[in-house]
Amino acid sequence: MRDNLLDVENLSMRFGGLLAIDDLSFSAKKDNITSIIGPNGAGKTTVFNCLTGFYKATSGSMFLNKDNKKLDLKKFSDFKVAQKAGVARTFQNIRLFPQMSVLENMMVAQHNKLMIASGFSILGLVNAPSFLKKEKEAIEISKYWLDIINLTNRADDNAGDLPYGDQRKLEIVRAMCINPQLLCLDEPAAGLNAKESAELNKLLLFIKNEKKTGILLIEHDMSVVMGISDHVVVLNYGKKIFEGTAKETKNSPEVIEAYLGTED
Amino acid sequence: MNKNFFQSSIKDSLFTGIVALALFGPIVGLRTVAVNEALVVQPKWLVVGLIVLVCTVGRFLINIYTFKKEQRRGEASSIGKSITNFLDTKGAQIALGAVIFSVIFPFMPFADRYWMDIAIMMMTYIMLGWGLNIVIGLAGLLDLGYVAFYAVGAYSYALFAIHFGWSFWICLPLAGLFAGLFGILLGFPVLRLRGDYLAIVTLAFGEMIRILLLNWYDLTKGPDGLTGIPRPSFFGLPFKRYPDEGVETFHTFFGLEYSPMQRIIFLYYLILILALITNFFTIKIRKLPVGRAWEALREDEIACKSLGVNPRNTKLTAFAVGAMFGGFAGSFFATRQAFISPESFTFIESAIIVAIVVLGGMGSQTGVVLSTIFLIGLIEVFRDFESYRMVAFGGAMVLIMVFRPKGILATRKPTITMRKEK
């Protein structure tokens, strides 16, 4: 279990009378893309919200392996999951800062290290060289990622003015700017056309292979799921009904039943 | 113009006339006059008739005008665009021109006591507008109780100066610090609130401070107010015609004739410097990580959390910094008036400052200046018309919202650009 990046054990989440997640256990490996699939309302996004601190799980535990230390994710409240544990996420409905430029979006993602570099604004107010250097580095990092998604020439445009597909990709690279251990993507291919989702696959594989960042993926687009997943977890009504490789999942009778119903 | 349209315009304007009659009939038409110690109703139907006529004809003209405008909408909006463009491209020159003008303003031939007083008042509002712009324009927190920090600044300045006899330059930062602390005090309970709820709590906070000042008689002298707040001195040189024995004054030190204008001009420069400090601070901090985090928080708080930005600290710093500048402006107010009472810190003050920020275009520093000149200037120009000046004030707001619904200057410049790097 040492090489597991994320271990979720017996996770449950209850909203009043509704058990959204029921005793869920799974793990995700480093340098792996782990997909969570399931019909609508299966509790996929709820799992993400528990992991990233937006919800407090009713019971169970979540451990993240960061620099060979086991971090209990339940101990971190909302923004600290991203700040301290390094779990980044994107959202089902894109959440960029639409009135801010693309570059500013990337800079906000590097807020915490820049805040320290700016001496909590005191060094920044007097233009301290150490701060300017760090700021330049942050711009370089932004440029590096924007080059990858071919958005460098639009860096000064408002993020809200970008085409939909570019907004999706921008949200992913913005999340990468916090240098995450684990990147949680909530339906990144939703609304993308075939060419765009092929580009998305390339980007996700790049993040996995070059950046050695574990990816947790919620997706309905099977071309994405089957094309790049190393491991698939299938949920239905908050319960895990299957776990295995993409190929195994495709042929599993339980999964087919959950999606298509039973034959009479 | 087709007949159908003509008919509907007439119908519409007649309806406007009826509404005007119903409104102005009782308000303007039936006036009570005291005759021999008795109240007599004196009808003024001629005035009512005139108002109704103006409303009806005006509405009719607007109908026709907007119909015509419909056809040349592109043209009309291009005028607004070219103004915005002009302000955008020549923004630096305009700002420089405005600063130079305000520096030489006291030496203009027309700058008499009346104009200087108006200029000082406008500068105070500009400074308050810039301070509140941090909270509303950048951080997007609708604060309707900003006057509370103005009051805290004024009262803490006055109390320090009266009881401890400290000079202006010691009391000023202390007052700012106190106001900033109150900003954090307000910030904590409202951290989770957004939008309307936040507005209501901040409004209540403003009233709480005023009522506290009104009732804590031992400290604040309640409705009597604080008197005898020391006037500011020019680095230790007082502005007095007949100084105490052995004290050198401003005019003797510089070998000038005594004139009461010297003090006014000094006050003017004082508020000008304070306002410019506020402005430069805001421009600078907007480009720092904390400033970007404020704007990001305004855009999307959940996205901020997902990127590890601490929303609590970010909001509290916005409240504290905004409140601090309110406190600075408050201490200037106290030293200028030499007398303060809770009456100076009513809700209408908050409302005016919020109006200045919103009408100027949220987050725009130049917009604050323009809308202050427009709104406060109008109130002053209409001073002779007594209560009608509030009508002018409201009219100005309506006009701005009709022609520039996002505020006078609504364009936002990115805090950091890539182009420079290439």
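Two residues are in contact if their C-beta atoms, placed from the backbone, lie within 7 Å. By that rule, B:I271 is in contact with B:I120, B:M123, B:T124, B:M127 and B:F332, leaving aside its neighbours within four places in sequence. This is a predicted model, in which local features need pLDDT of at least 70, side-chain atom pairs count only at pLDDT 80 or more, and totals for chains, interfaces and linings use all residues. Residues are numbered from 1 along each chain as its sequence is written, while chains are lettered from A and ligands numbered from 1 in the order in which they are written.

**Chain B overall**
- Chain B has 17 helices and two strands, which are DSSP runs (helices H or I, at least four residues; strands E, at least two) numbered from the N terminus.
- An automatic or database assignment gives domain 1 (3-79) and domain 2 (91-421) in chain B.
- The centres of these two domains, taken over C-alpha atoms, are 38 Å apart.

**Nonpolar core**
- The largest nonpolar core holds 167 residues, of which B:M127, B:Y150, B:A151 and B:I271 touch the most other members.
- Helix α5 (residues 113-138) of chain B gives the most to this core, with 13 residues.
- Such a core is a set of buried Ala, Val, Leu, Ile, Met, Phe, Trp, Tyr and Cys residues joined through C-beta atoms within 7 Å; buried means that 20 or more other C-beta atoms lie within 10 Å of a residue's own, with C-beta atoms placed from the backbone.
- Buried residues make up 36% of the 422 residues in chain B.

**Contact between chains A and B**
- Chain B contributes 28 residues and chain A 33 residues.
- On the side of chain B that touches chain A, α12(B) gives the most, with seven residues.

Note on methods:
Buried ≥ 20, exposed ≤ 12 C-beta atoms within 10 Å, placed from the backbone.
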